[in-house]
Amino acid sequence: MAASSFDFLIVGNSTAAVGAVEAIRSVDKTSSIGVIAHEPEHTYSRPLITYFVAGKVAEDNIYYRPADFYERNQVELLTGLEVTRVVRTQQLRDEEQSRSIGGAGSVEIREGEPIFYRKAVLLAAGGAPIVPPVPGTDRPGVFFMNTIDDARRAKGWLAHASRAVVVGAGLTGLKTAEALAQIGQEVTVVEMMDRVLATTMDETGSELVKNVLVKNGVEVLNGVQMTAIEGSQDANDAAAVALSTGERLACDSVFLTIGVRARTSLVDGSGIDTNRGILVDRHMRTNIDNIYAAGDIAEAYDPLSGGNRVVPILPNAYIGGRVAGMNMAGAAAEYNVGMAVNSVSFFGEPFMSAGFATESDGEEFRVVSRLEGDLYRKFVIRNNKLVGMIITGDVERAGLITGAMRAELDVSGMENALLTGEMGLICLPREMVEERIHGVGRNWL
Amino acid sequence: MLRIKAIPDVCIGCGLCRVWCKVEHSDSGSIHKAFKPGAGETVSCVELEEEGCESFAVQCRQCDEPLCVYGCITGAMQKDPDTGVVSVDESKCVGCWTCVLMCPNGAVKRDRRGKKIALKCDMCAERGFPSCVEHCPNDALVLEEE
């Protein structure tokens, strides 16, 4: 059998992969595209799996693109394959074979034949959930919330469970806690840090989030570590979570949502540069020709820090995938809008943050903020430019703020308009207004 | 591809664009009924911005690189490849408001009348011609073709 090969190969089948497919097909209708998926699934929305657990989104509505997505885009989807390693041309053992395929390289498959690519490969395999180094994480009743299959298995288990512990108060952990509470589980969140959403919210914002959770019946323990997941006396199933305080939380399910780590092992020994993720330039190219990376696996340009950073959020995965796809297909696009942005609702209450949201007033940053009841607005300013924000409750037109951040708008004298929420396009310099209301919204990439 | 374009120089700030947008998106679809007591909340996809004697309307520009679509966590927000119109699939939207946070013009709204979903200018798809443009008394909103 001839080895399978494609012009463009995409490792991963989630947001960044979809962004790349749609970008490639917008400029190239004929080159072949292969998508390699570890999970045997049609592309689905990863953030929706907690909504699925909550029963708010049916399983057949979790898909990120319509059923005919691959067919319409002439993509061959290869599911159930785990890519173990990326090999570039120079490393191919059989040079002859490489030449006959015209291959730029290949990827190795666990227990399978390698798959070759002729033009370029995109590594978009995402992140793997971090397993806390404590005993008992492999017990029945312990779940991650990373894949639809995790969610399906958890949902089945929860049918005969009532008391859950969620370990990790990041976005996934808290959305999991919300979902569990909504289906009538008793829920305790255990977080090592002194507050929830510690990477995206400052102390005030975290407190507001926590208040909403507590008001809706979720117990939140901060500054506490899990030391073990214990079984019951007569069964192996998870029955309690032991804490650093010496306490034990009796439970019948445990959710591990500490975070994800970029799957950089994919490029071990390949000569591809990595740090916390696979390092890419503003074209989402790695240091090796024809090899690109995007999504949670990549460490890409963050305009606010001016350097590379892993920012594992869905919008950046799509945009990074799109930029990669454009460049793979020979079109121009740059990744300039990769700052952190987060919008999330808990029990119907909206919380938003962007950029350096957690910074406080000091030498580098100036902070203006206003807290009235549950309504919080905070803006972080550096050299007269907005570099961070938090808005809770009244989130109308919040995109004006991220737009101002992306455009590096000088906000001198605008503090009041920002704090009252009265800022509009009309506050912008004339040429910027012209671009926004007469332009065609093409200049972001 | 059609887009709605605001002309600040001739905008008189009357706000009829908002009024007619609300009518179009009201339950009754009638200007005689939409603002009556008990008619229900009205929502506008158009924002009228004013400062001093300057004013202009802001609605979706149906961007070529739509950040709202790219940020959508469910796939509900899509740009039609043929018409260029960016629209929300109500059955898929879960009201996470990422699109609200992504739109640099602040042109995606929250519709909280029933199921919480994103609301934005759909170029009056059902009506056939944007109502705000049709009812602007001073041609401060025009339809441009690319």
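## Basis of the values

In this predicted model, local features need pLDDT of at least 70 and side-chain atom pairs count only at pLDDT 80 or more, while totals for chains, interfaces and linings use all residues. Residues are numbered from 1 along each chain as its sequence is written, and side-chain values use heavy atoms, with hydrogens and water left out.

## Overall fold

Chain A contains 11 helices and 25 strands (DSSP runs: H or I of at least four residues for helices, E of at least two for strands). Its radius of gyration is 23 Å, close to the 22 Å from the globule rule for 445 residues, so chain A is as compact as a globular protein of that length. The radius is taken over C-alpha atoms, and the rule is 2.2 Å times the number of residues to the power 0.38. The C-alpha trace spans about 70 × 70 × 40 Å along its principal axes.

Of the contacts (heavy atoms within 4.5 Å) in chain A with a separation of 6 or more, 62% join residues 24 or more positions apart.

## Burial

Among the 445 residues of chain A, 57% count as buried, meaning under 20% relative accessible area with a 1.4 Å probe, protein chains only.

## Aromatic pairs

Over all chains there are 6 aromatic pairs (Phe, Tyr or Trp rings, the six-membered one for Trp, with centres within 6.5 Å). One of them joins A:F69 and A:Y70, at 5.1 Å centre to centre and 80° between the planes; this is edge-to-face, the term for planes over 60 degrees apart. A:F69 and A:Y70 are both buried.

A:F143, A:W157 and A:F255 make up one aromatic cluster.

Terms used: Chains lettered and ligands numbered in written order. Buried < 20%, exposed > 50% of the residue type's maximum accessible area, 1.4 Å probe, protein only. Phe/Tyr/Trp six-rings, centres within 6.5 Å; stacked < 30°, edge-to-face > 60°.
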